[in-house]
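These notebook entries record what I looked up in one structure.

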Amino acid sequence: MMMMLSLGCGLTGSGKIKQLEAESERLLSDYRYERERADRLEVLNQSLTQRVDQLEQRLGYRPSQGTDRVATQRQVDKGQQTPFNSPGSSWQPTRR
């Protein structure tokens, strides 16, 4: 019984508090780093999207030709011809 009480006191001592504070600071630091990284990636994504749009305009790309970019694809109605379901296409959906 005395041993359990002494262990309990050790768990709430100043060493444990410092350990928890250090872990808390590390977790907050990791969170801030990941949040800043996500913000940087979002800015990069917007920049790359604008660049792709500019290049598509320079190339005379027209979405009405039936081949949208993957990021902006619209839903295909059943029966509508696409590069994947056109006659002679060998593409098959993945079976899981």
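I used the term for a side-chain nitrogen of Lys or Arg within 4 Å of a carboxyl oxygen of Asp or Glu. R26 and D30 are 4 residues apart in helix α2, so about one helical turn separates them. An α-helix has 3.6 residues a turn, so residues three or four places apart point the same way.

I then checked accessibility, where buried means under 20% relative accessible area, exposed over 50%, and partly exposed in between (1.4 Å probe, protein chains only). R26 is partly exposed at 44%, and D30 is partly exposed at 37%.

How many salt bridges does the rule give? I noted a count of 2. E34 pairs with R37 in a salt bridge whose closest N and O atoms are 3.7 Å apart. E34 and R37 lie 3 residues apart in helix α2, about one turn of the helix. I recorded relative accessibilities of 41% for E34 and 38% for R37; E34 counts as partly exposed, as does R37.

The model is predicted: local features need pLDDT of at least 70, side-chain atom pairs count only at pLDDT 80 or more, and totals for chains, interfaces and linings use all residues. Residues are numbered from 1 along each chain as its sequence is written, and side-chain values use heavy atoms, with hydrogens and water left out.

I next looked up the secondary structure, which comes to 2 helices and 0 strands; these are DSSP runs, helices being H or I of at least four residues and strands E of at least two, numbered from the N terminus. Just after α2, G60 takes a positive phi of about 75 degrees.

For the whole protein, I noted that 3% of the 96 residues count as buried.

The mean pLDDT is 75, and 51% of the residues reach 70 or more. Over residues 1-5 the pLDDT is below 50, and beyond near neighbours in sequence this stretch has 0 contacts (heavy atoms within 4.5 Å) in the model. Where pLDDT is low, the predicted coordinates should not be read in detail.

How values were computed. pLDDT is the predictor's confidence in each residue, from 0 to 100.
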